[in-house]
Structure formats: C-alpha cells, structure tokens
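Trainee: I've got a new structure open and I'd like to learn how to read it. Could you walk me through it, one feature at a time?

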Amino acid sequence: MKEVKKLPIVFVEYQILPQHTPAYSEWLAEVRAKHAELEVYEGADQPGLFVEIWHGLSRDEYDRLKQERLTEAAGSAGLGLPSASFSWRELHQWVSGGAQKIHIWYFEKVK
C-alpha cells in the first residue's frame, strides 16, 4: 500500500463585514494568484464567514504567516514572496472586530 504523505494544514478564519465584500473579493483574487497552496471557503449557512486552508506550510512558514497576518504593521511579502501586490494588513479593515478576530491555527495529521 502506498504511503500518503501527512502534510500539515493551516486554518485561517474570519468574518468579513458585508459592505467590504467587493474589496475583499478583489484582494483575495490577488492573494490566491500568488499562493497555489491556498483554498478559501465561505460559510454556506453563514455568509461572510471565511476559512482559508493552507496546505503544506512548514512550522516556520506558519509562524511567519501568523505574525504577518496579525501584526498591525504587516507587510506584503507573505511567506517570503518578493513584490507581492497585496498587503495582509488590508484584511484587518474588512474583518468584523479587526485583526484581533482573525484566528489562525496549525494542524498536523494524527498518526
């Protein structure tokens, strides 16, 4: 039987205020264009509730991502990518409750 590699995943969860959905959608398109390892879902029974699923990030990449995402002075590099056209900080203004309401968790597959 072929062994399946157990890659970690990162969940990022937040609620986008309805009036900011168009700006968020444009921003998200830029982020997704730069990060093939990212999937994004919206709550079917809770519109505006979004979950990002990042596949295969190392613990160091997760730590950097979390710091960049939650810090008010967050830059735009995102996981070390040069010349990213977006800033993680932009998201703070659209999230209900701001940066404090962006929740990020790192999960490893149970062995």
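Trainee: Let's start with the rings. Which residues form one aromatic cluster?

Mentor: Keep in mind that this is a predicted model. The idea is to look for rings whose centres lie within 6.5 Å of each other. Here Tyr 14, Tyr 24, Trp 27, Phe 50, Trp 54, Trp 88 and Trp 94 make up one aromatic cluster. Across the structure there are nine aromatic pairs. One of them is Phe 11 with Phe 107, an edge-to-face pair at 5.2 Å centre to centre, with 80 degrees between the planes.

Trainee: Which parts does that pair tie together?

Mentor: Phe 11 belongs to strand S1 (residues 9–15) and Phe 107 to strand S4 (residues 103–107), so the contact ties together parts 96 residues apart in sequence. Phe 11 is partly exposed at 24% relative accessible area, and Phe 107 is partly exposed too, at 38%.

Trainee: Okay, strands next. How do S1 and S3 run, and how many bridges join them?

Mentor: With strands, check the direction and then find who stands opposite whom. S1 and S3 run antiparallel, joined by seven bridges. Ile 9, for instance, is opposite His 55 in S3. Strand S2 (residues 38–42) also pairs with S3 in the antiparallel sense, over five bridges, and there Glu 39 has Ile 53 as its bridge partner. S2 and S3 form a hairpin with six residues between them, and Gly 48 in the turn has a positive phi of about 95 degrees.

Trainee: Is S3 enclosed or open?

Mentor: For that, count residues under 20% relative accessible area. Five of the seven residues of S3 (residues 49–55) are buried, so the strand is largely enclosed by the rest of the structure.

Trainee: Now the charges. How many salt bridges are there?

Mentor: Look for oppositely charged side chains, then ask where each partner sits. The count is two. In one, Arg 69 meets Glu 52, with the closest N and O atoms 2.8 Å apart. That links distant parts of the chain, since Arg 69 is in helix H2 (residues 59–70) and Glu 52 is in strand S3, 17 residues apart. Both Arg 69 and Glu 52 are buried.

Trainee: And what does Asp 63 form a salt bridge with?

Mentor: Its partner is Arg 59, at 3.7 Å between the closest N and O atoms. Asp 63 and Arg 59 are four residues apart in helix H2, so about one helical turn separates them. Asp 63 is partly exposed at 36%, and Arg 59 is partly exposed at 46%. The charged end of Arg 59 also sits over the ring of Tyr 106, 4.9 Å from its centre.

How values were computed:
Residues are numbered from 1 along each chain as its sequence is written. This is a predicted model: local features need pLDDT of at least 70, side-chain atom pairs count only at pLDDT 80 or more; totals for chains, interfaces and linings use all residues. Side-chain values use heavy atoms; hydrogens and water are left out. Rings of Phe, Tyr and Trp (its six-membered ring) pair if their centres lie within 6.5 Å; planes under 30 degrees apart count as stacked, over 60 as edge-to-face and the rest as tilted. Helices (H or I, at least four residues) and strands (E, at least two) are DSSP runs, numbered from the N terminus. Buried means under 20% relative accessible area, exposed over 50%, partly exposed in between (1.4 Å probe, protein chains only). A charge sits over a ring if NZ of Lys or CZ of Arg is within 6 Å of the ring centre and within 35 degrees of the ring normal. Two strands pair if DSSP finds at least two bridges between them. A salt bridge is a side-chain nitrogen of Lys or Arg within 4 Å of a carboxyl oxygen of Asp or Glu.
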